[in-house]
Amino acid sequence: MAESPARTAFAEEALTHLDTLYRGALRLTRDPDQAQDLVQEAYLRALRYQHSYQQGTNMKAWLFAIMRNLFWDRFRGSRKEDVSLDDVGEFVLYDKLKDEGARPEADVLDKLAASEVVKAVEKLPPLHREVVLLVDVEGFSYKDAAQTLGVPIGTVMSRLHRARQQLQRSLYDYAVESGIVRANGGQQVQQ
Amino acid sequence: MNCKDCSEKLDRFVDRELNSTEVLELQLHLESCPDCQDHYEFEAHLKRLVKHSCECDTPPAFRDKLRQLLT
Ligand SMILES: [Zn+2]
Ligand SMILES: [Zn+2]
C-alpha cells in the first residue's frame, strides 16, 4: 500500500498513544491477544476516519473512544457478564481499616501486591472499569473522561464513586484473606 | 470546613477537580486536621497504586507490527 505523507504523519502521531490504548484494551479484554486485535482494529479505524479528528483536540481521548466503542460492540454481542454494579452501600476502606485498629497506609496499602490491585480492577464491571482506567490510570479529567465515554460528567462521577467502593471492598477482602488484616480484629501480623 | 465536608470532597481533591477556592479551604482543613490529612494521603496513595499496578508496556513485537501496518 502506498501511503501519503499526511497519512503517515497522522499514524506516527497516533502511535505515540499506543501504550494508553494497549493497556486500556488489556484491562478491558483481560486477554493480551484480544487486546492486540482490538488495538489494531482501533488504529485501522482511526486512520479510516482520520478526517473526523479535529486538529488540536485531544487525540488520546479520540483514540481511546474508538477503541472502547469497538470493545463495546463486541462485548454486547458475546458476553453475559454483569455490565453494571449493584448499589452495595457505602464502603470506605480507610474508615474500615481504622475501625479495625490497622494503620491503613503502612499496614495495608504498602503490602498490597500490584497483581492483586490489577485483579480488583479487572473484577469491576466494564462500565465502571473504564472510568477507573481513564481517571486513575490515564489521569483524564472528569470532563475528558465524559467526552471520551459520551456521557455527562455527573455519570462519570457516580460511576467512579461506585467503582472505587467496589474496588476498595475487593482490596479489603483480599487483605483479610491473605492475612494482612484480620476482619474485626485489627492487624494480624505484628512486626 | 469540617471533617464531613472534607471527606466528601476528598475524591475530587485527589482527582484535581476542585476549583481554587475549594482547594484552599480543603488545604487549610488538612493542615489543622491530622485525621483528614492521613485519610487524604491514603486516598492519594491508593490512586497512585492503581495507576502503577495497571500500567504495562506494549509488547515491542506488537508495536513494530502495528507501525509497519500503519505507516
Ligand atoms: Zn505508603
Ligand atoms: Zn478533618
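**View 1. Arg129 in helix α8 of chain A.** In this predicted model, the side chain of R129(A) reaches the backbone oxygen of E122(A) at 3.4 Å. R129(A) belongs to helix α8 of chain A, and with a relative accessible area of 1% R129(A) counts as buried.

**View 2. The salt bridge of Arg103 and Asp107 in chain A.** R103(A) and D107(A) meet through their side chains in a salt bridge, with N to O at 2.9 Å. The two partners fall into separate accessibility classes, for R103(A) is exposed at a relative accessible area of 52%, whereas D107(A) is buried at 2%. A search of the whole structure, over all chains, finds 18 salt bridges.

**View 3. The two domains of chain A and the interface between them.** The domain assignment divides chain A into domain 1, covering residues 5–75, and domain 2, covering residues 86–177, and the C-alpha centres of these domains lie 25 Å apart. Contact is made by 16 residues of domain 1 of chain A with 14 residues of domain 2 of chain A, and the two domains bury about 1,400 Å² between them, with 60% of this area on carbon and sulfur atoms. The rule finds 3 salt bridges across this interface, and the side chains of R68(A) and E130(A) meet in a salt bridge with an N to O distance of 2.7 Å. Across the interface of the two domains there are also 9 residue pairs in polar contact. On the side of domain 1 of chain A that touches domain 2 of chain A, α2 (18–29) and α4 (59–78) of chain A each supply at least two residues, and the largest share, 8 residues, comes from α4(A). That side of domain 1 comprises 8 nonpolar, 3 polar and 5 charged residues.

**View 4. The interface of chain A and chain B.** The contact draws 46 residues from chain A and 31 residues from chain B, and the two chains bury about 3,600 Å² between them, 62% of it on carbon and sulfur atoms. Within chain A, the residues that lose the most area to chain B are Y94(A), L109(A) and Y142(A), which together account for 17% of what that side buries. Between chain A and chain B the count is 6 salt bridges, and the rule finds 14 residue pairs in polar contact across this interface. Among the elements that give two or more residues to the side of chain A that touches chain B are α1 (5–15), α3 (32–48) and α8 (126–137) of chain A, while α10(A) gives the most, with 7 residues. The residues of this side divide into 28 nonpolar, 6 polar and 12 charged.

**View 5. A network of salt bridges between chain A and chain B.** The residues linked in this network of salt bridges are D136(A), R164(A), D11(B), D15(B) and K47(B). R164(A) forms a salt bridge with D11(B), in which the closest N and O atoms are 3.5 Å apart, and this pair crosses between chains from helix α1 (residues 3–14) of chain B to helix α10 of chain A. D11(B) is partly exposed at 26% relative accessibility, whereas R164(A), with a relative accessible area of 12%, is buried. The side chain of R164(A) also meets that of D15(B) in a salt bridge, at 2.9 Å from N to O. Because R164(A) lies in helix α10 of chain A and D15(B) in the loop between α1 and α2 (20–32) of chain B, this pair likewise joins two chains, and both R164(A) and D15(B) are buried.

Key
Residues numbered from 1 in each chain as written. Chains lettered and ligands numbered in written order. Predicted model: local features only at pLDDT ≥ 70, side-chain atom pairs only at ≥ 80, totals over all residues. Heavy atoms only, no water. Domains from an automatic or database assignment. Contact = heavy atoms within 4.5 Å. Buried area = accessible area lost by both parts, 1.4 Å probe. Salt bridge = Lys/Arg side-chain N within 4 Å of Asp/Glu carboxyl O. Polar contact = N/O pair within 3.5 Å; in protein donor to acceptor, adjacent residues only side chain to side chain. Helix = DSSP H or I, 4+ residues; strand = E, 2+ residues; numbered from the N terminus. Nonpolar A, V, L, I, M, F, W, Y, C, P; charged D, E, K, R; others polar. Buried < 20%, exposed > 50% of the residue type's maximum accessible area, 1.4 Å probe, protein only.
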